[in-house]
Each structure stands twice: as C-alpha cells, then as structure tokens.
Amino acid sequence: MSKVKLFSGENIPLEMHKVRIVQKLNLPPVEDRLAAMKEAGNNTFLLHNRDVFMDMLTDSGVNAMSDNQLAAMMMADDAYAGSETFNRLHSKLKEIFGMEFFLPAHQGRAAEHIIAKTFVKPGDVVAMNFHFTTTKAHITECGGRVEELVSDEGINTTSRCLFKGNMDLNKLTDCIARNQGHMAFIRMEAGTNLIGGQPVSLQNFRDVTKIAKDNGILTVLDASLLQDNLHFIKTREEACADMSIREITRAIADCFDIVYFSARKLGFARGGGICTRDAALSESMKELVPMFEGFLTYGGMSVREMEAITVGLEETMDEDIINQGPMFIEFMTNELVKRGIPVVTPAGGLGCHLNAREFLPQLNDHQYPAGALAAAIYIASGVRGMERGTLSEQREPDGTEPIAAMELVRLALPRRVFTLSQVMYAVDRIDWLFRNRHLIGGLRWVEEPKVLRFFFGRLEADGDWQERLASAFRRDFGDSL
Ligand code: F0G
C-alpha cells in the first residue's frame, strides 16, 4: 500500500485487499440518536450496536478477518486437551517470539490477571511507560501501585516526536532507586493505548530492558498493540529500515522475559496468552491457567479462534497487511488537522484521537470533556467513539478523582473494516461539530461503579445542551440523516 504512488501526487491509503463479505449499516435520524444516547446514560459502551452507524469504539475483537483465517477455522481440532489446534498456535508463537512456553488465556486482561497475581505483592511497584485500564486494575487489586514513566513528549498532544510511547530512562533509574526491593516488574506497552496509540522504538525497548537486567528486575511486554508498533518501527526508526517485520518482532521479544497479548487486537481474532522462554517463570504462572481460564491447551479460547489467531499472527508479519490501520489513521488525522480540529499528532496506531480539552475549552475536567464530546459525536453522526480521559481513570482509595493526563476521544479504526468514504463522513460530521462546539456542555454522574467505572457507569447532561445540539443539526442538514 505505502509503495503505490499516484500520478496526481495525491497521497491516499490504497487498500491491498478486497471486500467479499459485507454487513448492512443503519443510520438512525438525529432525534433517535439523541434518544439512544440518553437511554445509554451518555456512555457509548451502553449503546446498542443496531443504533450505531460507524462503530469506532474499539479495534478489540472487531477487526476484519481474512479468507485464510476463516478457512483455518473450519479445520480446527476440537479437543479439551492436547488439540492439534493448540500445537499450531504454540508453534507459531514460538517461531515469531522465539519463546518456548505459552500459557493460553481467554483475552488480554486474563493474562494480566495471571501475571499480577503471580508477581505483585502488596506494596510493590510496577513501572511502565503508560498504564492501560485493565492492567492497572489488576495490579491495584493485588495491592500494588503503578508508576508511569513515559517521556514528557508522550503527553504532549501536538508533538513532532515519532516515538511518544518511549519510557524516560532517567525516570526509570530514579524509580528503581526509590523502590529498591519493591519492583515487581517493568512493563512496556507497545504501543500505548491511552495516550493515542503512540509507539515505542526498538532502541527504547533495548535501553529499558538493559537497565532492568542490570538491576535484576523482571521485564514484561504488553504486545496487544504490537502490530501498529511494528509498522512504526519499520517506517520511522532509521536503524530498522532494512529489517523485516519478522526480524523486528524477534528483536523486541528478545529484550523481554515475558510477552503477553490480547489476540482481540494482535492476530485479528479473539483470545490471548502469555509467552516466556523461562521454564521457571512459566511454572510459576501455570497453575492459575486451569483455575481461572481453562485447560492448558485452550485457556478459555475456542479452537476456531485459536486457528484464526495462528493465521492472523503469520499475516501480522506481512507489512502490506499491517500498514492498512496506521495509514487510514494517518489519513483521517491529516484531514482533521487540515480543518483545524485538535487531534493527537503525530498519528499513532489503533485510532484517531481527538483532544477534548482543546475541542471544548469551556468545560473543566470534572465536567468530563471527552465523555461529553463522545456523546456529542454520536448525536451528530451516529459514530460511536470512546472516552479516554478522566472518566476512564479509577478513584483513589480515599475517593479523590485523579485527572487524566490526557482527555481524549478515541475514534478507533478496526483494521480493514471501514472505507475511505466512511472515514470522510466521520471527518465531515466532526468538522460540523467543531464549528458548533459552543453548544456542547458537560456531564455529571448518575450511577458511578467502583471499578472500571467507564464500562457501565451512567451520566446525564448538564442542562439541555444535547437537545439544542440536535436542533442545530436538523436546522443545518434539513431532512438529511
Ligand atoms: N493491553 C492493552 C494495551 C489493551 O489495549 C487492552 C485492551 C488490553 C491489554 C486488555 O485486553 O481487552 O483482550 O482483555 N484494549 C481494548 C481497547 C479493550 O478497546 O482498547 P483484552
């Protein structure tokens, strides 16, 4: 895709695949979208998918699968124990990561559960470039604490830095010095979900894990978003330009003691697991698999999904396949930038990330600008995004509400799912909303769950701004949806 140049000089992300199975979409009128958003407690997680036109909530488990993946699913070897399907997945992981042992789990957070339960004791610290919601929840559940050591550029929304997910090495040595004897492990997330899918360089993986090894600290890679990160290393890190995707993958894995992943993202299917080359580490986690996930040869995954992951992992080694996501995201980001809309730059992986603090300067952080913007986007377009800001944080044990470092609305681009014209529709409606941003007000809690509150909490609008937004839409667009 990246190698095709157009005569016109224009730069469009040309797909290197064709679409052979489609699903009809529904775009309800704005009045129905307003009603659906209220019904969902202004939480996009609680919308019915039938009311959603473009589902940009996440890329998790909703990437388009390939013909080869679907074919492989028909060949699954269905056995509780010792299935050939598991052996195929295990061999593929060994080949790609060079790690002998594999513990299967039903998804990424299940792997996090096992890792946290095994290695985190009360009072321990887990150092990481940036946290992910479920990762942090498992660590704090075990009595541990997270320290975020991302470089300062990582939370600069409009930076030129190409690897904003990198860990700051000075912060790391300081963290190790302050927490002698209490460092459970160092976790690197590639790329960083909550700060805009920003990648980590191979050099940073090497530097961080060298410091860890010198200090005898366990290293863990969260490879859930590795696919986009591989593309960025290949295209942005000069020293890696001549390496194949397979070589880059292996070079990253070689740095770590443990690699875990959500196959809802990595591998275009649904599942997860933990890889390591160390028999003792594998043994220390092993018993938790049959206890919480399932037997050691499926770990809660269906055999069909395991077959799809095996093929998906092989396809992940193909640059023509993995660059579709980042190139669509870059295209959408550039179109938004052209219209003056505040968006995280440079474009990262996973999706396009709007900066809600700048989009809605009239709101303070306790009015949840990203939550309000996600609700407004749905009302204006039928596009479902996800709040990635203060609502996605968890309260401190004393009840205080931490303010998120970044207040973002994520518009995920599940891989190979949307067309360019659908992306242009989303850009157009967000552009309209930006011109009418003065109409958008805040949100307040109606029901606030104690854990992972963003998943099923309910909020209401401050005043009648949503009705006024829907009226303005009807006035400007006439009888158009
Ligand atoms: N780590 C990262 C970096 C993730 O992005 C996710 C999931 C997980 C771990 C947990 O994996 O969902 O399979 O249990 N991210 C999803 C998202 C939920 O929408 O970004 P899981």
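View 1. Thr345 has its place in the loop between helix 14 (324–338) and strand 9 (351–355), where helices (H or I, at least four residues) and strands (E, at least two) are DSSP runs numbered from the N terminus. The model is a predicted one, in which local features need pLDDT of at least 70 and side-chain atom pairs count only at pLDDT 80 or more, while totals for chains, interfaces and linings use all residues. Residues are numbered from 1 along each chain as its sequence is written, and side-chain values use heavy atoms, with hydrogens and water left out. Thr345 counts as buried because its relative accessible area is 18%, and buried means under 20% relative accessible area, exposed over 50% and partly exposed in between, with a 1.4 Å probe and protein chains only. Leaving aside neighbours within four places in sequence, Thr345 is in contact with Asn156, Thr157, Thr158, Ser159, Lys164, Thr333 and Val337, contact meaning heavy atoms within 4.5 Å. A cis peptide bond, with omega about -10°, joins Thr345 to Pro346, and Pro346 is also placed in the loop between helix 14 and strand 9.

**View 2. The cis peptide bond between Ala190 and Gly191.** Ala190 and Gly191 are joined by a cis peptide bond whose omega is about -15°. Gly191 lies in the loop that runs between strand 5 (183–189) and helix 7 (202–214).

View 3. Most residues other than glycine have a negative phi, and most peptide bonds are trans. Phe268, which is not a glycine, has a positive phi near 55°, and this residue is found in the loop between strand 7 (258–262) and strand 8 (272–276). Because its relative accessibility is 1%, Phe268 counts as buried. Tyr368 is not a glycine either, yet has a positive phi of about 55°, and its loop is the one between helix 15 (356–359) and helix 16 (369–381). With a relative accessible area of 3%, Tyr368 is buried.

**View 4. Helix 12 and what covers it.** The 14 residues of helix 12 (residues 303–316) should span 20 Å at 1.5 Å a residue, and the end C-alpha atoms are 20 Å apart, which agrees; the expected span is 1.5 Å times one less than the number of residues. Helix 12 is mostly covered, since twelve of its 14 residues are buried, among them Val303, Met306, Ile309 and Leu313. The cover of these buried residues includes helix 2 (67–73), helix 3 (84–97), helix 8 (226–236), helix 9 (245–255) and helix 13 (319–322).
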